[in-house]
Amino acid sequence: MRELLGFLLALLAAVLIWNSIRERAPVVERALSVPLTVVGLSPEQVAEGVPKEVLLRLRGPAPLVEGASPPVSAYLDLSGTEGGFAREVRVAVPQGVEVLEVRPARVEGRVEAILERQLPVEVLAQGAWVVVEPLLVQARGPRSQVEAAVAAVGLDLGGETVPLTAFGPEGPLLGVTLIPGSVRVLERREALFLKEVPVVFRPPSGLKVQDFTPRRVRVVGPKEALEGLEEVEALPPGGFRPGEVEGPWTLRLPAGVYPVGGVVGRVRLALE
């Protein structure tokens with residue numbers, strides 16, 4: 001009992017001393033940038049349009065406001081949010097510190113589900129054809145961006161690996177994460193010719209093709225091999241069977257002819 005009383009008296013003395021120092025400390029103003037943390041989303045959701053940082057202007061006792069890492073944080077609570085949102089930025093500061101300004105004070109954006117799908121790899125090189133692996137990578141990110149992605153594109157600079165970026169029709173999609181984020185260079189070959197050719201499916205008797213996409217693929221190879229190539233036969237993943245199948249296609253190509261990246265498509269088959 002005597003030890004507990006001594007501990008409480010020491011704690012009270014420490015609090016009184018701290019309050020005394022705080023009251024006598026000069027009051028200062030300071031502007032600083034802090035990370036903006038998003039809370040309230042599930043692991044399968046992501047918030048688009050949220051800035052990485054916010055600018056705060058604070059006033060308070062110098063010991064609490066100054067220093068390399070003051071005890072200040074900013075967060076955006078998106079609990080229960082789906083689709084578009086407009087929320088106030090919340091700031092947590094120590095007692096005695098006043099928040100004068102938050103910039104931006106309000107954030108507008110959109111909560112999206114996270115989507116994953118495979119993308120074909122395309123490596124650009126000057127004067128050479130670069131053989132890499134893998135030919136397909138996994139794309140993960142906001143649904144709208146992943147659905148817009150058409151390829152994982154890299155620029156060969158002569159190294160052992162080539163970093164990739166997801167691209168859509170309008171340019172790079174920086175919100176999409178690629179797994180893996182780079183491909184390994186297996187071989188660099190002399191420059192080849194490029195040609196776009198139609199895709200055909202030849203299912204066995206009893207099955208018919210109702211629909212498929214893409215309808216055409218790009219291939220590269222020697223000029224002589226491409227001149228006589230009018231179409232490319234494709235095989236769906238897992239073979240021919242009734243229903244809709246999506247995934248990487250196997251292409252039957254002449255020797256020395258290669259697809260530009262992996263080909264991921266969708267085909268719908270039915271019984272005749």
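Visitor: Why are strand S18 and strand S21 called edge strands?

Guide: The open sheet has three strands in the order S18-S24-S21, with antiparallel pairing, and strand S18 (207–213) and strand S21 (243–248) each pair on one side only. From one strand to the next, the twist averages 25°.

Visitor: Why is Leu155 called exposed?

Guide: Exposed means over 50% relative accessible area, and Leu155, which lies in strand S11 (residues 151–155), has 52% relative accessibility and therefore counts as exposed. Together with Leu124 and Leu157, Leu155 forms a nonpolar patch on the surface, for which the accessible area of the three is about 350 Å² together.

Visitor: How do you know where in the protein chain the confidence is lowest and where it is highest?

Guide: Confidence is expressed as pLDDT, on a scale from 0 to 100; helix H1 (residues 2–24) has the lowest value, at a mean of 51, whereas strand S15 (residues 177–179) has the highest, at 97. For the protein chain, pLDDT averages 87, and 91% of the residues score at least 70. Where pLDDT is low, the predicted coordinates should not be read in detail.

Definitions and conventions: Residues numbered from 1 in each chain as written. Predicted model: local features only at pLDDT ≥ 70, side-chain atom pairs only at ≥ 80, totals over all residues. Heavy atoms only, no water. Pairing = 2+ DSSP bridges. Helix = DSSP H or I, 4+ residues; strand = E, 2+ residues; numbered from the N terminus. Axes fitted to C-alpha atoms, helices over the stretch in contact; angles between N-to-C directions. Patch = residues over 30% accessible without salt bridge, like charges linked within 9 Å, V, L, I, M, F, W, Y side chains within 5 Å. Areas by Shrake-Rupley, 256 points an atom, 1.4 Å probe, with all protein chains shown as cover. Salt bridge = Lys/Arg side-chain N within 4 Å of Asp/Glu carboxyl O. Buried < 20%, exposed > 50% of the residue type's maximum accessible area, 1.4 Å probe, protein only. pLDDT = per-residue confidence, 0-100.
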